[in-house]
Amino acid sequence: MCGTLDRVSADLPARLLRLLALLQGRREWAGPELAERLGVTTRTVRRDMDRLRELGYPVTGTTGTAGGYRLASGRSLPPLALDDDEAVAIAVGLRTAAAAGVAGIDEAAARALVKLEQVLPPRLRQRVASVGLATVGLPGRSGPATDPGVLTVLAAACRDEEVVVFDYRGRDDEPTSRRVEPHNLVATRGRWYLVGFDLNRDDWRTFRLDRVTAPASVRHRFRPRELPGGDAAAYLRASITEAPYRYAARAEVGVAAEQVAGRLPTLLPGKVTPSADGGSTVRLGSDSLELLVRDVLALGGDCVLTDPTPGLLDELGSVAGRLHAVVARSRPGTPEPSGQERSGQDGPSRRVESTSASVS
């Protein structure tokens, strides 16, 4: 008996660190479950919880056979228990946070990285430094920044499987109230999205986080539903591909689908299909007419637009006139375009031909 007590006491520091890591990794644990993970009795778990409280960790618990423990929020942030891989992952993530599309995160990430690197052991500091020296960030297509408060509330709700409510502004700019079972957060092309089951509409939905305001958990747990396809990233990709846009067009391009992907690296799978003649058909869409024009220009002069959204050909003609004016000013001897051509008033078909001839 004495030998068992000595062994339990000797394992105490390591066990407390393991216990702390478990509490930080999940919202709530049952006492018997923790005892099984740590290889001790539930009585020992209760004593270890008291020790953590004495060290300043805000551990809360309920009694009884179904009693559980959770690490609550306190007045100050307690020390975190991280293993080597977790510490390196956080440090690398902080180094690349500037391109995450979260408002104000770059400055906060820099401050946090300084604090973390001060306490990293030398072996881990070298690993983080080597990754930083070898990595160069290249921002993708810019998008509206996400409020970090919105991101953290929804991330916690995904982790804890708790229903959330929030206000949402859709494509039509009309505000709505949503009640959602959150499944996953997905970051793509400089934007953050929530994939979840909308309880009011009884269906799966995707929500852009820059359009979400005042998210809050209702503290009601739910049993996760099976996501169609099983993969949140694939579901989001399909949703974006099929989503109706304010401005759209179909382009017949005289190059293979692989070459189109090179010209539009942000083009989603499913938006381009091979044609029988060796070319490809591209479905373009955007809520911004300016961005749609940029995509058309990136396709090059060997494309023909079918079913263009109203206003697209006029805008392309205006762009063609401005580009012609740039060429005329930059190349001596080239005649200046007429006022009609510069203002885009000489007919949409002629202007599209001008764009195709001058952009490759």
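Is Cys 158 buried or exposed? Cys 158 is buried, with a relative accessible area of 16%, where buried means under 20% relative accessible area, exposed over 50% and partly exposed in between (1.4 Å probe, protein chains only). This is a predicted model, in which local features need pLDDT of at least 70 and side-chain atom pairs count only at pLDDT 80 or more, while totals for chains, interfaces and linings use all residues. Residues are numbered from 1 along each chain as its sequence is written, and side-chain values use heavy atoms, with hydrogens and water left out.

**Overall**

- The protein has 14 helices and twelve strands; helices (H or I, at least four residues) and strands (E, at least two) are DSSP runs, numbered from the N terminus.
- Of its 360 residues, 34% count as buried.
- The accessible surface comes to about 20,900 Å², and carbon and sulfur atoms hold 53% of that surface; areas come from the Shrake-Rupley method with a 1.4 Å probe, and for residues only the protein chains shown count as cover.
- Among contacts (heavy atoms within 4.5 Å) with a separation of 6 or more, 58% are between residues 24 or more positions apart.

**Cysteines**

- Cys 303 is buried, with a relative accessible area of 8%.
- A disulfide is counted when a pair of cysteine sulfur atoms lies within 2.5 Å, and the count by this rule is zero.

**Strands E1 to E3**

- Strand E1 (residues 29–30) pairs with strand E3 (residues 68–71) in the antiparallel sense over two bridges; two strands pair if DSSP finds at least two bridges between them.
- Strand E2 (residues 59–61) is joined to E3 by three bridges, and these strands also run antiparallel.
- Tyr 69 in E3 stands opposite Trp 29 and also opposite Gly 61.

**The five-stranded sheet**

- Strands pair through backbone hydrogen bonds in a sheet, either parallel or antiparallel.
- Here five strands form an open sheet in the order E7-E6-E5-E4-E8, with antiparallel pairing.
- The edge strands, E7 (203–208) and E8 (212–221), each pair on one side only.
- Neighbouring strands of this sheet are turned by 45° against each other on average, direction ignored; axes are lines fitted to C-alpha atoms, for helices over the stretch in contact, and angles run from 0 to 180 degrees between N-to-C directions.
- Helix H8 (residues 148–160) packs on the sheet and touches E4 (162–169), E5 (175–188), E6 and E8, its direction making about 80° with that of E5.
- Six bridges link E6 (residues 191–198) to E7, and Gly 196 stands opposite Arg 205 in E7.
- E4 is joined to E5 by six bridges, with Val 165 opposite Arg 179 in E5.
- E4 and E5 form a hairpin with five residues between them, and Asp 173 in the turn has a positive phi of about 70°.
- On its pairing with E8, E4 has five bridges; Tyr 168 has Val 212 in E8 as its bridge partner.

**Helix H11**

- The buried residues of H11 (residues 289–299) are Leu 289, Leu 292, Val 293, Asp 295, Val 296 and Leu 299.
- These residues lie on the same side of H11 because they cover an arc of only 160° around the axis; the arc is that of the directions from the helix axis to the C-beta atoms.
- An α-helix has 3.6 residues a turn, so residues three or four places apart point the same way.
- The cover over the buried residues of H11 includes strands E9 (247–253), E11 (280–286) and E12 (303–306), and helices H10 (257–263) and H12 (312–330).
- Gly 300 follows H11 and has a positive phi, near 95°.
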